[in-house]
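I opened the model today and kept notes on what I looked up, going from the whole chain down to single residues.

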Amino acid sequence: MAIFDDFISGYNRFREHDWIEKKTQWEAAAKGQSPKVMVIACSDSRVDPATIFDTSPGEVFVVRNVANLVPPFETGGGQHGVSAALEFAVTQLKVQEIVVIGHGSCGGVGASVSQQFNEAPPGEGGFVSDWISLLDEARDRVVAEHGTGQEAKDALELEGVRTSLKNLMTFPFVQKAVEAGELKLHGAWFGIAGGKLLVLDPETNEFAPA
C-alpha cells in the first residue's frame, strides 16, 4: 500500500495545484472530448505522450501497448484493443492526425531482437512473444544487416514505427480518411536519455530531428 499511498499524495497535490490551474479546461473536458490527434505509444513507464508533447486534458486520444504496435486489419480472432481504439478515434472522434511514437531502450523491441520469449508459455513471456511477432518481418531485415546487438535494437525501434504506419493503412476507414485528405499519419521516435525527438519524413521515409 505504500506506493499507492504515494499516488494518493500525488493526487492531492494535483488537485490542489494543477487541477485548480486548469480548472476551466477540466470542466470543459467533462462535457465531452474532441481531440484532434491520436497518439499510439509504448506502455513503457518512461514515455508518457502527454508529458513529451506537453498537452492539456482533452487534447490527445492515446492508446499504449508493448512496442507501440498496430496490428494489420483483420476481423477474426479475439479481442481487438488497438483496432477498437483506432476505429473510435477515426470514425467517431474524427481525429485529424495519428502519431505513432517509438522510443529508445524499448524492452519489446529488445525482446524481438533477442527472441528471448520465443516458445515461452503465457505468463512467462508467451503473450509478449505473440504480440511482438508483429515485428518479425522487420526484425529479419534488421538482423540481416545489423546482427543482434545494440545497433539492431536501435534500427528496429525505427522500423517498428514504420511497420505500425504501414499496418494503419490496411484499415479501410483509415485509408479512406487519408485519401480524402481528412487524416494525416506521422511517425516519431523519442530518445529517453537525451530528450531528442526524431520525426519521420514521409517523402524520404527517414527520421530526422524535430
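**Ground rules.** I am working with a predicted model, in which local features need pLDDT of at least 70 and side-chain atom pairs count only at pLDDT 80 or more, while totals for chains, interfaces and linings use all residues. I number residues from 1 along each chain as its sequence is written, and side-chain values use heavy atoms, with hydrogens and water left out.

**Overall form.** I find ten helices and six strands in the protein, taken as DSSP runs (H or I of at least four residues for helices, E of at least two for strands) and numbered from the N terminus. For 210 residues a compact globule would have a radius of gyration near 17 Å, and the 18 Å of the protein agrees with that; the radius is taken over C-alpha atoms, and the globule rule is 2.2 Å times the number of residues to the power 0.38. The C-alpha atoms fill a box of roughly 55 × 50 × 40 Å along the principal axes.

Buried residues make up 37% of the 210, where buried means under 20% relative accessible area with a 1.4 Å probe, protein chains only. Of the contacts with a separation of 6 or more, 65% join residues 24 or more positions apart, a contact being heavy atoms within 4.5 Å.

**Asn 68.** I looked next at the loop between β2 (60–65) and α5 (81–92), where Asn 68 is found. Asn 68 counts as buried because its relative accessible area is 3%.

**Cysteines.** How many disulfides are there? The count comes to zero, a disulfide being a pair of cysteine sulfur atoms within 2.5 Å. Cys 42 is in none, and its nearest cysteine sulfur, that of Cys 106, is 4.2 Å away. Cys 42 is buried at 6% relative accessible area, and Cys 106 also counts as buried, at 6% relative accessibility.

**Helix α6.** Residues 107–114 form helix α6, which is mostly covered, with six of its eight residues buried. I list these as Gly 108, Val 109, Gly 110, Ala 111, Ser 112 and Val 113, and they pack against α7 (126–132), α8 (136–146) and α9 (150–168). Just after α6, I note that Gln 115 takes a positive phi of about 60°.

Conventions
Buried < 20%, exposed > 50% of the residue type's maximum accessible area, 1.4 Å probe, protein only.
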